[in-house]
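User: I'd like to understand how the side chains in this protein pack and pair. Could you take me through them step by step?

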Amino acid sequence: MELKRILIAIALTCGTGVAGAGLTAAPAAAAPAPATLAQVDDDDDDDDQPKGGVDTGAGGARDDDDDDDQPKGGVDTGAGGTWTGVQAADPVRLRIPSIRVSTRLIALKLDKKDRLVAPKRYDVAGWNAAGPEPGERGPSVIAGHVDSKTGPAVFFKVKGLDRGAKVYVDRADGSTKAFTVQSLARYPKTAVPGGKVYGRTSGAELRLITCGGVFDKKKGSYRDNIVVFAR
């Protein structure tokens with residue numbers, strides 16, 4: 001399915017102090033304190049309590065067929081309420097050979113407020129099961145932690161991806177969808193450009209999202225998101 005205005009603001013809590021965890025590493029003197037369990041489990045970054053977690057934006061029910069061009073969020077099935085595009089099988093593994101990433105993919109659910117619940121584990125990535133599966137029209141979203149209290153996590157090297165790098169998504173039916181990295185950007189978590197990152201696309205695209213930038217010890221999370229654009 002295709003999401004019209006999901007506006008996911010990834011804010012995964014990664015409290016370790018691993019040098020180089022974001023595009024701009026925090027000075028050694030400002031190494032982040034270990035995250036508490038509450039910070040790690042927090043999945044809401046839109047309630048003015050920036051402890052980390054993942055947020056899908058305000059408004060709209062998960063089953064809202066948002067075909068009326070009103071910014072309520074939810075799922076857009078295309079003009080007239082009918083979507084006839086490719087229905088892809090669920091993704092089960094992500095492979096990025098250039099940075100030696102191979103991870104099982106888990107489905108990430110939305111909570112009652114349409115917020116994407118962050119992966120509880122640091123060694124696997126997750127895909128937004130409420131959005132397009134990789135290979136369907138629209139931007140599929142795969143999120144993962146950059147680090148943990150014990151060291152680098154599954155998406156630690158994502159910040160080093162170059163244009164032209166290949167990304168492979170293996171699917172439950174045995175097929176594989178290949179993507180090519182187009183660009184990488186870093187945005188403040190409070191200013192992710194929803195239209196550019198999550199807006200409607202003419203074909204199948206992929207977004208890899210993790211934390212980056214300086215770790216804010218007071219808030220207990222990194223200040224920025226790293227977003228990889230691939231198609």
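## Rings, cores, charges and strands

User: Over the ring of which residue does the charged end of Lys196 sit?
Analyst: Let's start with the rule: a charge sits over a ring if NZ of Lys or CZ of Arg is within 6 Å of the ring centre and within 35 degrees of the ring normal. The charged end of Lys196 is 5.6 Å from the centre of such a ring, and that ring belongs to Phe229.

User: What pLDDT do side-chain atom pairs need to count?
Analyst: Residues are numbered from 1 along each chain as its sequence is written, and side-chain values use heavy atoms, with hydrogens and water left out. This is a predicted model, where totals for chains, interfaces and linings use all residues, local features need pLDDT of at least 70, and side-chain atom pairs need pLDDT 80 or more.

User: Are the planes of Phe215 and Tyr222 stacked or edge-to-face?
Analyst: The whole structure holds one aromatic pair (Phe, Tyr or six-membered Trp rings with centres within 6.5 Å; planes under 30 degrees apart are stacked, over 60 edge-to-face, the rest tilted). Phe215 is buried at 5% relative accessibility, and Tyr222 is buried at 4% (buried is under 20% relative accessible area, exposed over 50%, partly exposed in between, with a 1.4 Å probe and protein chains only). Their centres are 5.0 Å apart with 85° between the planes, which is edge-to-face.

User: How many residues make up the largest nonpolar core?
Analyst: A nonpolar core joins buried Ala, Val, Leu, Ile, Met, Phe, Trp, Tyr and Cys residues through side-chain atoms within 4.5 Å. Strands giving it two or more residues include S5 (91–96), S13 (204–216) and S14 (221–230) (strands are DSSP E runs of at least two residues, helices H or I runs of at least four, numbered from the N terminus). Leu94, Ile142, Leu161 and Leu208 have the most contacts inside this core, whose size is 21 residues.

User: How many residues are in the other core, the one that includes Val192?
Analyst: This core lies apart from the largest one. Ala185, Ile209 and Val227 are also among its members, and its size is nine residues.

User: Which strand does Asp170, the partner of Arg95, lie in?
Analyst: Five salt bridges are found (a side-chain nitrogen of Lys or Arg within 4 Å of a carboxyl oxygen of Asp or Glu). In one of them, the closest N and O atoms of Arg95 and Asp170 are 2.9 Å apart. Arg95 is partly exposed at 28%, while Asp170 is buried at 15%. The pair ties together parts 75 residues apart in sequence, because Arg95 lies in strand S5 and Asp170 in strand S11.

User: How many bridges join S13 to S14?
Analyst: Nine of the ten residues of S14 are buried, so this strand is largely enclosed by the rest of the structure. S14 pairs antiparallel with S12 over seven bridges (two strands pair if DSSP finds at least two bridges between them). In the hairpin of S13 and S14, four residues lie between the strands and Gly220 takes a positive phi near 75°. S13 and S14 also run antiparallel, and the number of bridges joining them is nine.
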